[in-house]
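Have a look at the sequence and the 3D picture before reading on.

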Amino acid sequence: MGNILFPKKAPPQNNVSEQDQAVLKLKKQRDTLKKYQKQLETTMEKLQDGARERAKKGDKKGARELLRRKKYQETLLLQTDQNLTNLEELTRSIEFAQMEQQVVTGIEAGNKALKILQEEMSLEKVEAIMDDMQEGIEWSNQINERMAETLTPADDEALLQELDAMVTGELEAKLPDAPSGDAVDDVSNKLPDAPTNTPGATKTEKTPVPAQ
């Protein structure tokens, strides 16, 4: 019953190709060889130091034995370097081949899409569309010519008058309206009263002169 209520999820599909898996294995082997390379270099340094110490102590036989082992480590190191180079070249070759395959796949898909478009838009279809458009233009020109033939000089004059009226109406619509009488009265009430006296004229009182 538990399986009915909670069905098991399908395992995720592995989208990794065989080429990708091969590249991954090669890179893992490369990393392993690099670690082994460092171990050989460390061992060679230790053998070199040990041979030097034994030589200082006069143990030439022991020093020679350590140098012989160091020489063997050098041989292993050279082989490791060669194997590492081969792995890196093989990895690059596979990756480059994958890139070329993707390019070819893209070109193939593009060619298919172009072929489909060419089939949908054939030359005959394009010519038919152009012919229809030309027929539409010719029909429109014929209608205009027929309309021009049916118009008399009086009709042309009436059309010009109608056009003038339309232009005049647009100009009048753009002009502001003249102020009404109430607006003029409001402006007049807001203005100050005019002075009653003449500007610059002042009254002077005459002082009587006493008799001598």
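What follows is a short tour, from the whole chain down to single residues.

## Before we start

This is a predicted model, in which local features need pLDDT of at least 70 and side-chain atom pairs count only at pLDDT 80 or more, while totals for chains, interfaces and linings use all residues. Residues are numbered from 1 along each chain as its sequence is written, and side-chain values use heavy atoms, leaving out hydrogens and water.

## The whole chain

Helices (H or I, at least four residues) and strands (E, at least two) are DSSP runs, numbered from the N terminus.

How much of the chain is buried? Of its 212 residues, 10% count as buried; that label means under 20% relative accessible area, with exposed being over 50% and partly exposed in between (1.4 Å probe, protein chains only). The chain exposes about 19,500 Å², and carbon and sulfur atoms supply 56% of that (areas come from the Shrake-Rupley method with a 1.4 Å probe; for residues, only the protein chains shown count as cover).

Now for contacts, meaning heavy atoms within 4.5 Å. Among contacts in the chain with a separation of 6 or more, 73% are between residues 24 or more positions apart.

## Two helices side by side

Next up are helix 2 and helix 3, whose axes come within 8 Å and cross at roughly 160°. That makes helix 2 roughly antiparallel to helix 3. Angles under 35 degrees count as roughly parallel, over 145 as roughly antiparallel, 65 to 115 as roughly perpendicular and the rest as oblique. The axes are lines fitted to C-alpha atoms, for helices over the stretch in contact, with angles running from 0 to 180 degrees between N-to-C directions.

## The nonpolar core

Which residues make up the largest nonpolar core? There are six: Val23, Leu26, Leu33, Leu84, Leu87 and Ile94. Helix 2 (18-56) and helix 3 (60-120) each supply at least two residues of this core. A nonpolar core is a set of buried Ala, Val, Leu, Ile, Met, Phe, Trp, Tyr and Cys residues joined through side-chain atoms within 4.5 Å.

Zoom in on Val23: not counting residues up to four places away in sequence, valine 23 touches Thr91, Ile94, Glu95 and Gln98.

Threonine 91 lies in helix 3 and is buried, with a relative accessible area of 7%. Leaving aside residues up to four places away in sequence, threonine 91 touches Val23, Leu26 and Lys27. Threonine 80 also sits in helix 3 and is buried, at 4% relative accessible area.

Serine 93 and valine 23 are 70 residues apart along the chain, and their C-alpha atoms are separated by 9.8 Å.
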